[in-house]
Amino acid sequence: MTAVPSLRLPPSLPTVLWRGLQGRCPKCGTRGLLHSYLKVTPACGHCDEAYGHFRADDMPPWLTVFVVAHIVIPPMLMLERNYQPDIWLQGIGWSVATLALTLLLLPRCKGAVLALMWALKAEGSERS
């Protein structure tokens with residue numbers, strides 16, 4: 001009797017996006033999609049899936065700004081409307097919160113964008 005090769009279905013889109021958000025390989029889920037904060041690893045060390053050729057360009061910063069703005073602005077407006085704290089206090093507090101959220105979310109957004117590009121087989125390169 002001959003062995004039948006197992007057919008593995010590719011992971012679902014939500015799974016791929018979740019793996020990207022965690023900085024994991026979109027195919028196998030192993031850590032290492034990004035190295036040194038925002039640099040894309042050329043290939044997965046576990047499954048050898050190449051994703052170093054993907055170019056996310058401006059989408060991760062745009063997505064980060066979009067998410068951070070929706071997290072920071074509503075409490076900022078509610079605080080101003082209800083309590084009117086000093087402007088210098090708000091300036092320092094909201095700047096620190098915005099910077100911290102941006103630095104925290106930027107690599108996660110880049111991972112999600114790269115995983116989405118991998119799932120859609122959209123290289124993002126200038127090759128034709």
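In what order do the elements of the protein run from the N terminus on?

**View 1. The fold from end to end.** The order is α-β-β-α-α, which makes three helices and two strands. Helices here are DSSP runs of H or I with at least four residues, strands are runs of E with at least two, and both are numbered from the N terminus. This is a predicted model, so local features need pLDDT of at least 70 and side-chain atom pairs 80 or more, while totals for chains, interfaces and linings use all residues. Residues are numbered from 1 along each chain as its sequence is written, and side-chain values use heavy atoms, leaving out hydrogens and water.

**View 2. The overall outline.** Along the principal axes, the C-alpha atoms fill a box of roughly 80 × 30 × 25 Å. The radius of gyration is 20 Å, whereas a compact globule of 128 residues would come out near 14 Å (taken over C-alpha atoms; the globule rule is 2.2 Å times the number of residues to the power 0.38).

View 3. W62 and F66 sit four residues apart in helix α2 (residues 59-83), so about one helical turn separates them.

**View 4. Cover around F66.** F66 is partly exposed, at 41% relative accessible area. Buried means under 20%, exposed over 50%, and partly exposed in between (1.4 Å probe, protein chains only). Buried residues make up 26% of the 128 in the protein.
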